[in-house]
Amino acid sequence: MDALVAQLQMQFRDYTISLYQQGFLDDQFTELKKLQDDGSPDFVAEVLSLFFEDCVKLIGNMARALDQTGTVDFSQVGASVHQLKGSSSSVGAKRVKGLCVTFKEYCEAKNYEGCVRCLQQVDIEYKALKTKLQDMFNLEKQIIQAGGRVPQVDIN
């Protein structure tokens with residue numbers, strides 16, 4: 001049993017580090033994890049669940065606004081991008097945040113094609129992040145079910 005826990009913990013460490021190295025997460029995610037404790041063991045999962053719900057809503061809003069052929073309200077799209085950038089920044093979603101910076105620039109330039117490309121990229125990146133984090137949370141559950149403790153991962 002101890003060998004299984006040790007193996008799962010090593011997998012968890014390696015996987016978590018890879019998410020930072022690949023640019024999916026930044027230090028803000030580390031800070032978010034520090035807020036989780038025994039009194040609120042699902043804190044990070046709950047915050048991220050809200051973030052992903054927000055992503056769906058905002059991406060839908062942006063898609064509808066960009067679908068208004070000839071009458072795109074770039075300020076409306078930009079406001080949604082700004083909100084998504086803030087949300088992604090607060091949870092440490094580094095790639096999503098980075099795309100939002102570019103997306104905002106396209107909105108300000110009223111560049112329709114650039115906005116559509118960024119919207120597609122944001123949709124892909126948030127879904128990829130969601131899948132990666134679900135995998136990470138599944139590893140955490142496996143560690144706990146095997147009788148172990150989820151290790152703190154030092155990224156620096």
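How many helices and strands are there in the chain? There are six helices and zero strands, where helices are DSSP runs of H or I with at least four residues, strands are E runs of at least two, and both are numbered from the N terminus.

## The model and its overall layout

Before we go further, a word on the ground rules: this is a predicted model, in which local features need pLDDT of at least 70, side-chain atom pairs count only at pLDDT 80 or more, and totals for chains, interfaces and linings use all residues. Residues are numbered from 1 along each chain as its sequence is written, and side-chain values use heavy atoms, with hydrogens and water left out.

Along the principal axes, the C-alpha atoms fill a box of roughly 65 × 30 × 20 Å. The chain has 156 residues, and 40% of them count as buried; here buried means under 20% relative accessible area, exposed means over 50%, and partly exposed lies in between, with a 1.4 Å probe and protein chains only.

The unreviewed UniProt entry lists "domain: HPt" for residues 40–147. In the model, this span is 84% helix and 0% strand, and its end C-alpha atoms lie 19 Å apart.

The record also carries "modified residue: Phosphohistidine" at His82, again from an unreviewed entry. You can find His82 in helix 4, which covers residues 74–91. Keep in mind that UniProt positions are given in the numbering used here, that feature names are shortened, and that annotations may be inferred rather than shown by experiment.

## The largest pocket

Let's turn to the largest pocket, which holds about 960 Å³ of space. A pocket is defined on a 1 Å grid over the protein atoms alone, as an open set of points where a 1.4 Å probe fits, with protein on both sides within 12 Å along at least five of seven lines; lining residues have an atom within 4 Å of a point. Grid points are joined across faces, edges and corners, and the volume is the space filled by probe spheres set on the points.

The lining of this pocket has 32 residues, and Lys33, Gln36, Pro41, Glu140 and Val150 lie nearest its centre. Two or more lining residues come from each of helix 1 (2–21), helix 2 (27–34), helix 3 (43–66) and helix 6 (112–145). Helix 6 gives the largest share, nine residues. By type, the lining divides into 15 nonpolar, eight polar and nine charged residues; Ala, Val, Leu, Ile, Met, Phe, Trp, Tyr, Cys and Pro count as nonpolar, Asp, Glu, Lys and Arg as charged, and the others, Gly among them, as polar.

## Aromatic contacts

The chain has two aromatic pairs, taking rings of Phe, Tyr and Trp (its six-membered ring) as paired if their centres lie within 6.5 Å, with planes under 30 degrees apart called stacked, over 60 edge-to-face and the rest tilted. Phe52 and Tyr126 make a tilted pair, at 6.1 Å centre to centre and 35° between the planes. This pair links distant parts of the chain, with Phe52 in helix 3 and Tyr126 in helix 6, 74 residues apart. The C-alpha atoms of Tyr126 and Phe52 are separated by 7.6 Å.

Both partners are buried: Phe52 has a relative accessible area of 8%, and Tyr126 has one of 7%. Together with Phe51, Phe52 and Tyr126 form one aromatic cluster. Elsewhere, Arg95 lies over the face of Phe24, at 3.9 Å from the ring centre; a charge sits over a ring if NZ of Lys or CZ of Arg is within 6 Å of the ring centre and within 35 degrees of the ring normal.

## A few residues to look up

Glu125 is found in helix 6 and is buried, with a relative accessible area of 17%. Its C-alpha atom is separated by 21 Å from that of Lys33, 92 residues apart along the chain. Asp27 is in helix 2 and counts as partly exposed, at 47% relative accessibility.

Finally, have a look at Lys110 in the loop between helix 5 (94–108) and helix 6. Lys110 has a positive phi of about 55° although it is not a glycine, and it counts as exposed at 58% relative accessibility.
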